[in-house]
Amino acid sequence: MANPSKPSGLGRLFIRKSVEQMHAEHEQGELKKTLGPINLILLGIGCIIGTGIFVLTGRAAAEFAGPGIMISFVITGTLCALVALSYAELASAIPVSGSAYSYSYASMGEIVAWVMGLLLVLEYGLAASTVAVGWSGYTVSLLADLGVHIPAALTAAPGVPVLDHDTGEQIAVGMVNLPAIIGLIAVTCLLVVGISESALVNNIVVFIKVGVVVAFIVIGAAYVNPDLWTPLIPEQIPAPAPGTDMSIWAQIGRALWGVLTGADTGQYGVPGLITGAATIFFAYIGFEAVSTAGAESKNPGRDMPIGILGSLIICTILYILTCAVLVGIVPYTQLNNPAPIALAVDQIGLPWFAFVVKLGAFAGLSSVMLVLLYGQTRIFYTMARDGLIPQVFANVHPKLKTPWINTILVGLLAMGFGGFMSLDSLANLTNVGTLAAFGIVCLTVIYLRFARPNMNRPFKTPLFPITPLLGALMCIFLLLSLMAHDETRNFFLIYLAGGFVLYFAYGLWNSKLGKGEIVVGHEQPNPVQPNQ
């Protein structure tokens, strides 16, 4: 908790806010407790369904898991359920804004909160760029149906091959992903001007996204070729040496060892299922947004776990069915496409249905970009209020009532990544940041149970400490599978190192908590209803 004596040395790095102080800081901005379990389940479904299912499923099937992508979704869904229980406990005990950043500040101290802030930049900021690339793929396909054709070289990042939708052959090499940049410009302008989505608009967008997924499952099922599901787990590449034990447990053991040692990035076979699970992890990002509704829940101790786990179960079922239809219509080797569902519906040969699916994906992904960029500005806003980053990120426009400079800077950053980085690189980096953040959340639950045993916890994670510990270990495991890629590992390590330099050069000396200051209550600028 806050220490007015200003500790020095290592103790200064781990100075903590008290839970009571956090409640006082956010008292004025808290909303009425009006959300019940059904509201939270619907909110969770709206948050979860987005780029993962519309974009990354095809890539994961084509490059890693094959038809076994269905199994990969089960693996990732199980991990997220474990993490979700930890989020539910923290959200019920500390129902304030800031989510994982605030939880870390209240538990393990400022330096851990700073690291969490860095990770959340990857989870929200880069995720917005990833969504923009997926949105670009569906937008290009939708415009082509309307007779508007964008030069292929302007639809992908530099050096990324652009494939023909019908033949799968390379037709150009990317120069810049112009549609992604245009989409991010539009969303950034909306956030600068100020936009507050009503419950009606939120429900309409959720209905569109869920309707598109359900329609794809129901209509596409009639066009599935079951032969494309075989083999469910394609032969591993490169093939194991002759005489290698190929029993399922032996394969799992080798896959685990390959991940831990970084010796195998896993293409097909059992290793591919694991790498595929790490890749499509992006499809589940968003369930933690339900945890931020703890301050608005009628009964957080009961309703939060129902909302989080209920939405996860429903989405996992929809995801598995979607994958079954997708790989049953298009051979998995042809699915490495930024708009795989659009590719599938084009092959079905129902023009009206293809148009509806693409239009639904366009609308749904547009809202995801909006909320992710908003989420990033909110994180920077909170960190600036705490003094860890410059005050300019907390400046609110006198007329628009939005953190406009913050929003413009975040938008420009997202445009740079979305326009000039490939979907693969963006997705991997986003997943790395999110997995690391989720792992810290699980460890935070364990830490607080011992450090603050008497803290009021309306909901407690069951089977403690097994559940949060297993969640943390699974996060670390999938994180290692992604870090086996040199490009991802090098970027992540350099990014963290630069972040620490920034903290010791600025944040450490300007932290309001470190100076003994109390951040007074405030009203959040123009809140946006979460809807990923």
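Buried here means under 20% relative accessible area, exposed over 50%, and partly exposed in between, with a 1.4 Å probe and protein chains only. Keep that in mind as you click through this predicted model, where local features need pLDDT of at least 70, side-chain atom pairs count only at pLDDT 80 or more, and totals for chains, interfaces and linings use all residues. Residues are numbered from 1 along each chain as its sequence is written, and side-chain values use heavy atoms, leaving out hydrogens and water.

**Stop one: helix α14.** Select residues 340-348, which make up α14. Helices (H or I, at least four residues) and strands (E, at least two) are DSSP runs numbered from the N terminus. Which residues of α14 are buried? They are Pro340, Ile341, Ala342, Leu343, Ala344, Val345 and Ile348, that is, seven of the nine in the helix. Now step on to glycine 349, which follows α14 and has a positive phi, near 90°.

**Stop two: the core.** A nonpolar core is a set of buried Ala, Val, Leu, Ile, Met, Phe, Trp, Tyr and Cys residues joined through side-chain atoms within 4.5 Å. The largest one has 158 residues, and Phe73 is among those with the most contacts inside it. Helix α7 (residues 110-145) gives the largest share of this core, 20 residues. Select phenylalanine 73 next: beyond its neighbours within four places in sequence, its contacts (heavy atoms within 4.5 Å) include Ile53, Ile280, Tyr284 and Cys323.

**Stop three: the rings.** Rings of Phe, Tyr and Trp (its six-membered ring) pair if their centres lie within 6.5 Å; planes under 30 degrees apart count as stacked, over 60 as edge-to-face and the rest as tilted. The whole structure holds 16 aromatic pairs. Show tyrosine 87 and tyrosine 103: their ring centres are 6.4 Å apart and their planes stand at 65°, so this pair is edge-to-face. Because tyrosine 87 lies in helix α5 (residues 69-93) and tyrosine 103 in helix α6 (residues 99-107), the pair ties together parts 16 residues apart in sequence. Both tyrosines are buried.

**Last stop: threonine 488.** Find threonine 488 in helix α19 (residues 486-510). Is threonine 488 buried or exposed? Its relative accessibility is 4%, so threonine 488 counts as buried. Not counting residues up to four places away in sequence, threonine 488 touches Asn428, Leu429, Val432 and Leu482.
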